[in-house]
Amino acid sequence: MGCCCGASSPDEVATPSPSVGASVESRTIDNQLKRMRHEEEGKIKMLLLGAGESGKSTILKQMRLLYGTELSDDDLRMYGVVVRSNIVVATRKLCGHLRNLGLEEELDRESRKDLEDGDHRAMTCRQAYDELMAYLVEFTVPPKEMGASNVEGGGTDWVGQSPRAGMSANNDAKHFLAHHESIRILCQSKTMKQVWAKRAAVNVVDSHKEFLNDIPRIASPDYKPTTQDVLIARVRTTQVVKERYRIDGIDFEMYDVGGQRSQRRKWIDCFDQVTAVIFVVALSEYDQTLAEDKRINRMVEALTLFRHVSNHRAFENSSIVLLMNKMDIFREKIMYSDIAAQREFSDYAGPTKDFNHGVAYFVQKFKNCLVDELDDSFIHVTCATDTNNMEVVLDSARAIIMTDNLKRRRDSLKYTNRGTLKKSQRDLAAQAS
Ligand SMILES: Nc1nc2c(ncn2[C@@H]2O[C@H](COP(=O)(O)OP(=O)(O)OP(=O)(O)O)[C@@H](O)[C@H]2O)c(=O)[nH]1
Ligand SMILES: [Mg+2]
């Protein structure tokens with residue numbers, strides 16, 4: 001956000017004549033500036049804001065990877081459980097969607113064809129689907145018994161259970177170990193590929209495709225999550241998370257909040273003395289609806305939220321950095337999901353399947369939400385799961401925030417000082433008359 005101080009126009013400000021008073025004023029400004037610079041060097045408070053699933057926590061994970069301490073085995077076990085549970089959640093949604101799309105017969109045909117072609121796997125894709133529907137979606141049969149090695153405390157399974165991941169994730173992780181072969185077979189089917197292409201209606205996390213394509217590795221007893229797995233693992237934020245990092249001698253205090261509607265009333269608690277808001281938007285979600293309200297388009301929600309945040313009084317003196325995130329998914333998605341085909345974005349007049357035009361269109365929509373001009377240097381197109389990209393973006397955002405903050409404080413001082421001088425002149429005039 002540009003400078004937002006209540007500036008008076010130059011005509012209103014009386015030019016001070018050189019005097020002892022003026023030089024004292026100028027020394028005072030210098031001292032105040034020095035103090036503020038020290039304050040700045042002491043702490044920069046940054047808020048990560050944006051709608052649910054836009055990528056805020058992933059950015060915080062990148063901060064941890066780039067500037068924080070290494071993840072412990074306990075952390076990795078927790079993420080291992082989350083990854084396995086993410087797969088089960090995605091499978092449930094995709095199986096339900098396959099049925100709703102009326103593709104069960106298609107699956108039957110595919111199974112028959114596989115058998116005719118001499119593909120005699122232990123299970124057909126239809127059998128895999130039936131098993132998953134029964135155990136994971138409709139719960140028509142009790143949970144499968146699992147070998148002791150896969151339960152309680154780990155056994156020979158490195159990940160085992162993690163109390164930090166919560167009961168529901170641990171249960172899903174157990175289901176994963178019991179049904180991973182069926183999940184793998186179903187995900188490889190052509191029918192499931194059709195379901196995947198139509199996933200927007202059921203809000204499957206796009207990046208979880210990487211997990212679905214890598215089931216045997218994740219099911220292995222030796223499985224230990226990689227950095228990429230940690231970045232792709234999804235845990236909905238339900239508490240305000242505060243973390244501190246010391247970067248180049250400066251303390252950064254980062255706040256991550258839950259973006260879903262039910263979480264937003266907690267935001268206000270961290271609105272005080274904010275140096276910068278990093279507003280995260282998922283570019284790829286232009287054709288999806290909210291997890292919490294299926295009637296509302298996600299991009300429309302992000303625009304409404306951005307308008308509210310960027311014009312909020314609490315951020316009058318804060319920098320606003322806009323991250324247009326999930327560019328990797330956006331690049332892929334525009335190839336089959338036309339922007340102009342979305343009712344909310346039917347005014348898109350650019351060419352179809354064009355990344356640059358698409359990005360520019362959405363950037364302009366966000367710029368239009370602001371009263372002040374948002375300089376392009378405050379906008380980045382990002383992929384939060386790509387550490388190299390995020391290192392460059394976070395470095396550049398840090399630099400621009402520091403510069404903007406110093407400039408805005410200087411301007412604010414200048415105006416305050418002008419106000420003081422004007423008042424002294426009025427006092428002198430009053431005395432003289
Ligand atoms: N492919 C890809 N996936 C991303 C990107 N950014 C985030 N994700 C994934 O999107 C999912 C949601 O990201 P989060 O960081 O949990 O989103 P959030 O904004 O913190 O969501 P809330 O906590 O609900 O507010 C995770 O599975 C991430 O790995 C990106 O740029 N590209
Ligand atoms: Mg989060």
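Predicted model: local features only at pLDDT ≥ 70, side-chain atom pairs only at ≥ 80, totals over all residues.
Residues are numbered from 1 along each chain as its sequence is written, and chains are lettered from A and ligands numbered from 1 in the order in which they are written. Local features need pLDDT of at least 70 and side-chain atom pairs count only at pLDDT 80 or more, whereas totals for chains, interfaces and linings use all residues.

Helices (H or I, at least four residues) and strands (E, at least two) are DSSP runs, numbered from the N terminus. Two strands are taken to pair if DSSP finds at least two bridges between them. In general, strands of a sheet pair through backbone hydrogen bonds, either parallel or antiparallel.

The model contains an open sheet of 6 strands in the order 2-3-1-4-5-6, with mixed pairing. Its edge strands, strand 2 and strand 6 (379-381), each pair on one side only. On average, neighbouring strands of this sheet are turned by 20° against each other, direction ignored; axes are lines fitted to C-alpha atoms, for helices over the stretch in contact, and angles run from 0 to 180 degrees between N-to-C directions.

Strand 2 (residues 241-247) and strand 3 run antiparallel and are joined by 7 bridges. In this pairing Y245 stands opposite F252, and R244 has E253 of strand 3 as its bridge partner. The hairpin of strand 2 and strand 3 has 2 residues between the strands, and D248 takes a positive phi near 45° there. Strand 3 (residues 250-256) is also joined to strand 1 (residues 44-49), by 5 bridges, and these two run parallel. F252 of strand 3 is the bridge partner of I44. Strand 5 (residues 319-325) pairs with strand 6 in the parallel sense over 3 bridges, and M324 has V381 of strand 6 as its bridge partner. Helix 11 (residues 298-310) lies across strand 1, strand 4 (276-282) and strand 5, and runs at about 170° to strand 4.

The axes of helix 3 (residues 73-100) and helix 7 (residues 190-197) come within 10 Å and cross at roughly 95°. Helix 3 is therefore roughly perpendicular to helix 7 (angles under 35 degrees count as roughly parallel, over 145 as roughly antiparallel, 65 to 115 as roughly perpendicular and the rest as oblique). L94, H97 and L98 of helix 3 make the contact with T191, M192 and V195 of helix 7, where contact requires C-beta atoms, placed from the backbone, within 7 Å. This contact has 4 nonpolar, 2 polar and no charged residues. Ala, Val, Leu, Ile, Met, Phe, Trp, Tyr, Cys and Pro count as nonpolar, Asp, Glu, Lys and Arg as charged, and the others, Gly among them, as polar.

Around ligand 1 there are 26 residues, of which G55, S57, R234, T237 and G259 come nearest; a residue is near a molecule or strand if its C-beta atom, placed from the backbone, lies within 6 Å of it. Helix 2 (56-67), helix 10 (227-232) and helix 12 (327-333) each give two or more residues to this shell, and helix 2 gives the most, with 3 residues. The shell has 6 nonpolar, 13 polar and 7 charged residues. Ligand 1 lies between domain 1 (38-52 + 239-411) and domain 2 (73-232), because both give residues to the shell; domain bounds come from an automatic or database domain assignment.

Methods. Contact = placed C-beta atoms within 7 Å.
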